[in-house]
Amino acid sequence: MHIAPFDNKNNPIVDAGDALVPLNYFNIVKLKKGESYAYAVPGFETCIAPATGLIDVSVGGFEAKQLGGRGVDVWDGDPEGVYVPTGMEACFTCLSDSAEVFVAGAKFDEVLEPFAVRADEIDMVQYGSDDTKTHRKIKHILGQKQHGRVGRLLVSELFTVGAGGWSGFPSHKHDTNQLPLETRHDETYNFRFKPNYGSGLQMLQREDNEPGDAYHIVDGSTICIDKGYHPCCVLPGYEMYYFTILGGLTQRSLVQNFQETHKDQLHTIPGILDMVAKFK
């Protein structure tokens, strides 16, 4: 499903108990200098990740000072984040002139411990190639390095490298628990483009080799993936970014089920198997 950009007034875009992606939570919070925002999501662990701006974060007795710091857009530096345990109240305050803050969540019952992920702790992988039109970079905020400290939540930033190309290819899905072949993970994206008038396409093919759906994505678009194969692409001449939330039903590690029709291309895209191994 495509949710067009709108002023959500700091209210969740994907709330707890969403009918399409019940394992996900997503909010975008926009603050001016000195403003604060507090929240708690019962039954969900969350991650506070500034898209731009600088914030102070408090979670119970835990504090993370001067988190973030990117300037005009998500290409202006590396991400940072704070893990917020299930149901715990968190508060963040804007230190810069303004801040745009992503709040990502996954359904999880246990209560763990809060922690911060700084820029030098980001798990980064780059794969693909210009020749295969699949060149991209992934910055894991809650990724393999944080395994064991998080319940079901995976949070990453994905960038196309160069101008134009495909992401999420070879086509894959993760809508059914059938280990070791596949895990059930609901997924939510928020897209940005550089320049911001760029755009792209999100495909959703629910059956192998059957016609599916396609959504025109623009700067600020949110996509919720519940079922099916879901590659996306950006128009030539533009760069694409998407903030990615994955929430697992029974485990955190993601097992992607690659579409049989395109599976042989796993061996034509440089570094893709290393990328797959990082979603844990």
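Predicted model: local features only at pLDDT ≥ 70, side-chain atom pairs only at ≥ 80, totals over all residues.
How do the residues of the lining of the second largest pocket divide into nonpolar, polar and charged?

Residues are numbered from 1 along each chain as its sequence is written, and side-chain values use heavy atoms, with hydrogens and water left out.

Now, the pockets. On a 1 Å grid over the protein atoms alone, a pocket is an open set of points where a 1.4 Å probe fits, with protein on both sides within 12 Å along at least five of seven lines; lining residues have an atom within 4 Å of a point.

The largest pocket has a volume of about 290 Å³, the volume being the space filled by probe spheres set on the points, which are joined across faces, edges and corners. Its lining has 19 residues, with T52, G71, V72, E100 and R192 closest to the centre.

The second largest pocket comes to about 190 Å³. Here 14 residues form the lining, and P5, K30, E100, R192 and G220 lie nearest the centre. Back to my opening: that lining has six nonpolar, four polar and four charged residues. Ala, Val, Leu, Ile, Met, Phe, Trp, Tyr, Cys and Pro count as nonpolar, Asp, Glu, Lys and Arg as charged, and the others, Gly among them, as polar.

Strands are DSSP runs (E, at least two residues), numbered from the N terminus. Strand 15 and strand 20 run antiparallel, joined by 10 bridges.

Methods. Pairing = 2+ DSSP bridges. Helix = DSSP H or I, 4+ residues; strand = E, 2+ residues; numbered from the N terminus.
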